[in-house]
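Here are a few exercises to work through with the model open beside you. Try each task before you read its solution.

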Amino acid sequence: MAQCEVCGNDYDKAFQVVTAGTPHVFDSFECAIHALAPRCEHCGCTILGHGVEADGRFFCCARCAGQAGESGLRDRV
Ligand SMILES: [Zn+2]
Ligand SMILES: [Zn+2]
């Protein structure tokens, strides 16, 4: 049994996600996404796909990156 570190739910099917060597325990993908997914700096949505990264800033798409002042980015599909 493990406890979700986001909502505290004690769930027998909880799973572990390791990011940069640090293990995290979640009961659902929703909680994992809430805790780990980066957010678009322009529109604030959760980035679940590849997204785009520029100078350490994350965006959900090239359009958001462009509107936030990053140029020359293309969606990586
Ligand atoms: Zn949870
Ligand atoms: Zn966006």
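This is a predicted model: local features need pLDDT of at least 70, side-chain atom pairs count only at pLDDT 80 or more; totals for chains, interfaces and linings use all residues.

**Exercise 1.** Work out which geometry the site of the zinc ion (ligand 1) has.

*Solution.* Start with the donors (N, O and S atoms within 2.8 Å of the metal, or 3.2 Å for Na, K and Ca; water is not among the atoms, so sites may look incomplete). C4 (SG), C7 (SG), D27 (OD) and C31 (SG) coordinate the zinc ion (ligand 1) at 2.1 to 2.3 Å. Next, take the angles among these 4 donor atoms: they run from 94 to 121°, and the site is tetrahedral.

Residues are numbered from 1 along each chain as its sequence is written, chains are lettered from A and ligands numbered from 1 in the order in which they are written, and side-chain values use heavy atoms, with hydrogens and water left out.

**Exercise 2.** Find the spacing of the donors of the zinc ion (ligand 1) along the chain, then decide whether D27 is buried or exposed.

*Solution.* The spacing reads C-x2-C-x19-D-x3-C. C7 sits in the loop between strand 1 (2–3) and strand 2 (10–11), and D27 in the loop between strand 4 (22–26) and helix 1 (29–36), so the pair ties together parts 20 residues apart in sequence. Helices (H or I, at least four residues) and strands (E, at least two) are DSSP runs, numbered from the N terminus. For burial, the cut-offs are under 20% relative accessible area for buried, over 50% for exposed, and partly exposed in between (1.4 Å probe, protein chains only). D27 has 13%, so D27 is buried, while C7 is partly exposed at 46%.

**Exercise 3.** Count the disulfides (pairs of cysteine sulfur atoms within 2.5 Å).

*Solution.* The count is 0. Take C61: its nearest cysteine sulfur, that of C60, is 3.7 Å away, and C61 is in no disulfide.

Technical notes:
Four donors count as tetrahedral if all angles lie between 85 and 135 degrees; four count as square planar and six as octahedral if opposite donors are over 155 degrees apart and all others between 65 and 115; anything else is irregular.
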